[in-house]
Amino acid sequence: MNRRNFLKASALGLAFAASPISLSAAGEATRQTGRSGRLNLSFEPYELKLRHAFNLARSQRTTTPDVQVRIEYDGIVGYGEASMPPYLGESVDSVCTFLNSLDLAQFSDPFRLEEILQYVDSVAENNRAAKASVDIALHDLLGKIMGQPWYKIWGLSPEKAPNTSFTISYDADPAEMQAKIDETKPFKVVKVKMGVGHDKETVEALRKVSDVAICVDANQGWTNKEEALAMCEWLAERNCMFVEQPMPKEMIEETAWLRARSPLPLIADEFLQRLPDVIRAAEAYDGINIKLMKSTGMHEAYQMATLARGLGMRLMLGCMTETSCAVTAAAQLSPMVDWADLDGNLLIANDRFDGIKIIDGKVTIPDRPGIGVELL
């Protein structure tokens with residue numbers, strides 16, 4: 001076995017072997033306290049209202065469909081959610097159909113996390129956001145039963161959480177564009193959405209008022225590798241840290257070509273979904289962007305982060321437009337990563353939860369049990 005294959009095999013084994021707590025032991029403790037309930041799943045659609053129109057390389061939207069989830073066990077409630085931007089290929093109907101097909105009442109011990117999540121994953125292919133909603137609610141429930149937040153259960157140091165970026169996109173209306181730029185002032189990193197035909201304008205407008213560090217998300221919008229390289233070189237001169245998904249996910253060879261020449265790291269987003277994709281990403285990207293709605297939740301996201309580190313990759317933690325429920329769940333992992341883009345709750349006008357805080361630009365994880373949220 002050559003060195004590269006040995007590294008891959010070793011890192012994959014590390015990811016699957018990672019077990020920061022003994023859930024079986026915790027489950028035994030639960031049984032000894034006399035709990036004998038069943039898991040009760042409930043859910044409801046909830047449309048997220050965006051503060052500003054979201055202009056991406058391939059679409060524009062002012063709302064995001066969402067489904068809010070609860071799992072109750074012996075009077076304790078865990079919260080989760082499924083957020084569904086169009087490119088995920090899921091809908092309120094598909095999520096509700098999937099959730100309706102689950103029989104979580106067959107489980108009397110919520111600490112059998114592996115068994116429960118394997119069952120959820122086996123019910124149907126894909127449905128990643130729907131599966132993530134169950135995973136998040138289960139983690140919230142377990143953390144509340146144990147009386148600990150997940151960053152502590154995982155043994156992570158909250159002070160190591162990075163600054164989060166705040167996302168802006170181009171707008172043809174100068175007043176609206178200025179309003180978006182004004183909203184970036186409390187943040188130390190700004191994420192600029194590109195690939196919409198006005199890539200330089202947003203950066204130039206921002207640079208008129210600030211030299212704040214930026215990162216760029218092209219959302220697969222650059223289709224010519226030479227032009228993509230020229231843009232990376234231009235951005236490197238303007239305090240840009242990295243470029244996320246510069247080219248279409250199918251253009252693997254072109255992305256590898258770009259990676260070999262770019263002065264900026266390239267981070268996989270749309271290219272990456274679940275754990276098996278991490279090794280493929282290492283062939284063309286410098287790092288990965290982990291999102292709970294794609295990874296099927298916190299459990300697999302933790303495994304992906306562990307594997308990527310074993311492969312020497314950089315780590316970014318992202319989100320969709322979501323309430324503070326899913327964003328705060330993701331934040332539990334934030335001490336593991338180099339960069340965070342956890343602003344999805346700040347982009348909506350109808351958040352239902354109190355959770356993650358951004359203080360002086362930095363991700364601040366609530367010291368509450370579970371995923372750390374409370375209903376408003």
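In this predicted model, strand β9, helix α10 (residues 252-261) and strand β10 together build a right-handed β-α-β unit. Strands β9 and β10 (residues 266-268) run parallel and are joined by 2 bridges. Across that pairing, Glu244 sits opposite Ile267 in β10.

Strand β9 also has a partner in strand β8 (residues 213-217), with which it pairs in the parallel sense over 3 bridges. Here Val216 faces Val243 in β9. To get from β8 to β9, the chain passes through helix α9 (residues 225-236), and this β-α-β crossover is right-handed too. How many of the 5 residues of β9 are buried? The count is 4, so the strand, residues 240-244, is largely enclosed by the rest of the structure.

The pairings with bridge counts are gathered here for quick reference.

| Strand pair | Sense | Bridges | Residues facing each other |
|---|---|---|---|
| β8 and β9 | parallel | 3 bridges | Val216 and Val243 |
| β9 and β10 | parallel | 2 bridges | Glu244 and Ile267 |
| β4 and β5 | antiparallel | 8 bridges | Glu72 and Val77 |

Strand β4 covers residues 66-73, and its Glu72 has Val77 of β5 as bridge partner.

Now to the packing of side chains. Nonpolar side chains in soluble globular proteins tend to be buried together. In this model, the largest nonpolar core holds 116 residues, and Leu104, Trp222, Leu235, Ile288 and Leu342 have the most contacts inside it. Helix α5 gives the most to this core, with 10 residues. Leu235 is a handy one to click on: among the residues it touches are Val216 and Val243, along with Trp222, Ile214 and Leu264. Apart from this core lies another, of 6 residues, including Val189, Cys215, Ile267 and Met316.

Helix α5 (residues 128-146) also carries Asp135. Is Asp135 buried or exposed? Its relative accessibility is 2%, so Asp135 counts as buried. Leaving out residues up to four places away in sequence, Asp135 touches Leu117, Thr296, Gly297, Met298 and His299. Leu113, 22 residues away in sequence, lies 8.8 Å from Asp135, C-alpha to C-alpha.

Notes. Residues are numbered from 1 along each chain as its sequence is written. This is a predicted model: local features need pLDDT of at least 70, side-chain atom pairs count only at pLDDT 80 or more; totals for chains, interfaces and linings use all residues. Side-chain values use heavy atoms; hydrogens and water are left out. Buried means under 20% relative accessible area, exposed over 50%, partly exposed in between (1.4 Å probe, protein chains only). Two strands pair if DSSP finds at least two bridges between them. A crossover is right-handed if, with the strands pointing away from the viewer, the path from the first strand over the helix to the second runs clockwise. Contact means heavy atoms within 4.5 Å. A nonpolar core is a set of buried Ala, Val, Leu, Ile, Met, Phe, Trp, Tyr and Cys residues joined through side-chain atoms within 4.5 Å.
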